[in-house]
Amino acid sequence: MRKDRCKPARKPGRKAHTAAALLIPLLAGVALSWGWAALAQAQPGTGAGAEEGDIFRLKERPYADVLADYEAQGRTAVPDVDITVPAWRYAATHAADVRVDEEVAGEGPALVWANEEGWVEWEVQVPKSGLYNIELRYYPLPGRRASIQRDLEIDGEYPFVEAKKLIFERTWRDAGPPVTDNRGDHVRPRQVEAPMWRTVRLQDADAMHDRPFLFYLSAGRHRLRMGGVREPVAIQYLRICPEEHIPAYGDVLKEYRRLGYEPVRDAFVKIQAEDATLKSDPTIRREYGEDPLSEPISHDHRLLSEFGGLRWRRGGQFVSWKFSAPKTGLYQIAMRIWQPWSHEPIYREVRIDGKVPFQEMLQVAFHEDPAWRMQVLADSRGEPYLFYLEEGEHTLTMIVKVGPIAPVIRNMEEVQRTLSMVGREVIMLTGSNPDPNMEWELDRQLPDLVPTLEGVVRTLEATYQDLVRVSTKPSSVANNLKMVASQVNSMIRNPDSIPTRIEQLANSQASLGQGALGLRNHPLQMDYILITSPGARLPRATATIMEQLAHGVREFLRSFRRDYSGVGSTFREAGGAADAGETVLNVWIARGRDWAEIIKDLMEEDFTPSTGVRVNVNIMPAGDIRALLLSAVAGHAPDIAMGVDANFPVEFAIRGALEPLDGFPDYEEVTKRFRPGALIPFRYRGADYALPEEQNFTMLFYRKDILGELELEPPRTWDDVYGLMSTLHQNGLDFYYPYGLFTPFLFQRGGDYYTPDGLRSALDAPEALAAFKEWTELYTSYKVPTIANFYMRMRTGEMPIGVADYSTYVLLSTAAPEITGWWEMRPMPGRVMPDGKIDRSTGGSSRAVMMFGQSRHKEAAWELIKWWTSTEIQVRFGTELEALLGVEARWNSANVEALKELPWPRRDIEAVLEQWDWFREQPVVLGGYYTSRHILNAWNRVVLEGWNPREALEQAVEDIDRELRKKQEEFGVFVTGNGGGTE
């Protein structure tokens, strides 16, 4: 699509052949026809073509298409050229902090690239034209513990889109074996980095291809430019080398026979899967065993006896185990595994000592089975593969691969993009709210519409057959393919129904996108690996019905005496017989067990040794105030509650249940760790009752590629946003603003929710009315969608820019691999102040830590709160949390200095910190819990019912004040004539 596209057509009259309707082909058809012509040219096997210059198509072609072109053009690999380029002999660099060190971790010389900016370029003279692998030897430098990411251009261009995302993994290991707490349960070990020099060939970061990338290089001089994206790295050399030859198993077997290799006898090596030597991701971890046969077996305690599962699912993740072969010869390999998650098989690449022994190990399939089973690596006839091992130590590595499902994923994503374009083009012709009685004659006005949709149906049907062919039974993804194909077929039969079915079209895109994302996940849980003599008798892997029944009975009986809310070791209260004279704090944490276990470990490693105070930790449901309220009423409240919602402290303070924290002498010094606006929700009647733990944020997200194609700059002010919207609408695109977010408009205009004493609504002020009008005009005048799946539409490009919170950041970072590097986060749009600065004021939900007034150890509790919110502990916790759970659990600490040190990408954290300069939370007041509801009611009256904004807001103010007065009377707070409050 182009910038000069016409605006969406106004809704014409209901008769199809009015003069206005006849103008549609002239006004819209001319602008659209070129796009449809290109779109309708289906590629073989896809049913959807790529359009030159279309902002919703990838500028660079996918590697699969480039590889097909290589084959069609007869380009082949060059077997006899091998060129090593020392990294320190770079030809040029820009904005990259590089130096040459004679030695790095025992090797050298090496190029040390100490930042994640700029680029480095090398020149290479290639003697023969052909296809080459590119190899790189690297060492991960200390950074933010994330994987290293670079991109690669050859002679000023990306050879294919995947070259924009090249991942170089760090390596991790357990800090030691699991320790046992005083209840006999295993405690998961910490994850530590094990940096080492690694040699890798450039390959797909998402493991959508089973072999390293092939690059076409013509004879002559070339420039290889590597761009910084994430994390520092040291590089020893780049190597232009031939594609590695991997023989088929049949050829390997013949070679075994020729060399006289014989199967070993009486060999039996068992590797416990949880004892992995190295792994590419610290989130791949030991898991608590739930099966009666999982080793080590325990009927009384929770042991970490299994490995992998859902955390070992992303393409490219690898795990390595060391083992010792007792004698030289041929072995078989078997594994006790569990794969109940996917009807489609999941895949692993298997390497021995860093090499794939034969082609069949590139994609080893593990089919669905609800029970644990023993899987021998064998051919389709069940004949075990034989592996030659010399006596001594070896390494077995398994790497997650997408395997034969990769073409299915590519087709689904291509159909998703095509349906997205169909929807946008129809909206440009009919408008976003088309007349349901209008006869649009879309098949005449858009002559390539039906052929395009027919191509989509063909692709969906072929993709369905491909998926069913590899599945044990039809899955939800396969059923979705059939459903979408049926919907598109009905649109082909009645094209004029499409304008009123745009939402259905969007839902179809969403289901395809989620399905494709799910197919990228390949989880596998393991108990142990066996390296044995061929034909050896293997242990039984599946528990019998009686064993399962006995295990279930034991678990049931144990549930009566086990404290499931407790975490780690537990201690008696101070003065108890076992712990006489010791101070013991009880802490309740409103988070998941993984979070609580890390906090508990940190307490026992750092807090207890330095203070002598022991801590019992219990978990409680997040957001549930009842447990705390009942415990406080009964006189059994904990000393400290962590992870509570921001509105809880004032609610408890109103009832006299909390200890004011500003009464401690060093309180003011501790509060310097946070933004001043972060403390507002915890203040009641002049006292502060909590400290923030984590802080949400609201930011501007945008697609760099789409805005660049439209020649648009990211907006800095709301006036910029309003100017940008016209160009977006001309191209069938939308801006996103979350439903119900009034705070930025109010604060940026100098308004507030309540009067300074917190007893009345301040929304009757002129600033509040102006803010409310501007907010509602987003929807009434600028037609911003009231509800939309911004994450999904950001992926498809339909909403290339919008305002969203931290959850969207996590989704885009972890669940949108196809747009990695193409989106960015900036501070919120704001308003220009008289001094020229831009006011970006907004709030964000948070969680807090608070102390109950019933605590008998207030000084010790305050020491724990200070310890927990300190920079050092927040950094350690955030680092351990992300190491254990991944980017999905990235910790957005409220401690400003801690946030700077956590493993956030530099650009992202700079944007967040700039936004935090304007952070200001909404106060929590007596009776204020209905304020947001009344504001939304006012919004509904204006946007949905057509009320005048002033009248709607006045009604909201009246309703808010009524609720405030009601609660003030209930708790004995009375409003005086001058607006002050008395009790």
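Me: Where does aspartate 266 lie?

Reply: Aspartate 266 sits in the loop between helix H3 (249-259) and strand S17 (268-272). Helices (H or I, at least four residues) and strands (E, at least two) are DSSP runs, numbered from the N terminus. Bear in mind that this is a predicted model: local features need pLDDT of at least 70, side-chain atom pairs count only at pLDDT 80 or more, and totals for chains, interfaces and linings use all residues. Residues are numbered from 1 along each chain as its sequence is written, while side-chain values use heavy atoms, with hydrogens and water left out.

Me: Why does aspartate 266 count as exposed?

Reply: Its relative accessibility is 78%. Exposed means over 50% relative accessible area, buried under 20%, and partly exposed in between (1.4 Å probe, protein chains only). Aspartate 266, at 78%, therefore counts as exposed.

Me: What is said about the phi of aspartate 266?

Reply: Aspartate 266 has a positive phi of about 55°, although it is not a glycine. Most residues other than glycine have a negative phi. Alanine 207 also isn't a glycine, and has a positive phi of about 60°. You'll find alanine 207 in the loop between strand S13 (198-201) and strand S14 (215-217).

Me: Is alanine 207 buried or exposed?

Reply: Alanine 207 has 2% relative accessibility, so it counts as buried.

Me: What kind of peptide bond joins glycine 108 and proline 109?

Reply: That one is cis, with omega about -5°. Proline 109 is in the loop between strand S3 (98-101) and strand S4 (110-113). Another cis peptide bond joins glutamate 295 and proline 296, again with omega about -5°. Most peptide bonds are trans.

Me: How do you know that arginine 285 is buried?

Reply: Arginine 285 has a relative accessible area of 4%, so it passes as buried. It belongs to the loop between strand S18 (278-279) and strand S19 (286-288). Leaving out residues up to four places away in sequence, arginine 285 touches several others, including Arg188, Glu306, Phe307 and Leu884 (contact means heavy atoms within 4.5 Å).

Me: What makes the pair of arginine 285 and aspartate 594 a polar contact?

Reply: Their side chains come to 3.4 Å. A polar contact is a pair of N or O atoms within 3.5 Å; within protein, one must be able to donate a hydrogen and the other to accept it, and residues adjacent in sequence count only if both atoms are side-chain atoms.

Me: Why are H4 and H8 called roughly antiparallel?

Reply: Helix H4 (residues 406-430) and helix H8 (residues 502-519) pack at about 160°, with axes 9 Å apart. Axes are lines fitted to C-alpha atoms, for helices over the stretch in contact, and angles run from 0 to 180 degrees between N-to-C directions. Under 35 degrees counts as roughly parallel, over 145 as roughly antiparallel, 65 to 115 as roughly perpendicular and the rest as oblique. So H4 is roughly antiparallel to H8.

Me: What makes H7 and H8 roughly antiparallel?

Reply: The axes of helix H7 (residues 476-493) and H8 cross at roughly 155° and come within 10 Å. H7 and H8 are therefore roughly antiparallel to each other. This crossing is left-handed.

Me: Why is H10 called roughly perpendicular to H20?

Reply: The axes of helix H10 (residues 593-611) and H20 cross at roughly 110° and come within 12 Å. So H10 is roughly perpendicular to H20. Among the residues making the contact are Ile599 and Phe607 of H10, with Leu864 and Trp868 of H20.

Me: How many residues does the largest nonpolar core have?

Reply: It has 100 residues, and Leu691, Phe701 and Phe852 have the most contacts inside it. A nonpolar core is a set of buried Ala, Val, Leu, Ile, Met, Phe, Trp, Tyr and Cys residues joined through side-chain atoms within 4.5 Å. Helix H20 (residues 858-869) gives the most to this core, seven residues.

Notes. Left-handed = near helix turned anticlockwise from the far one by under 90°.
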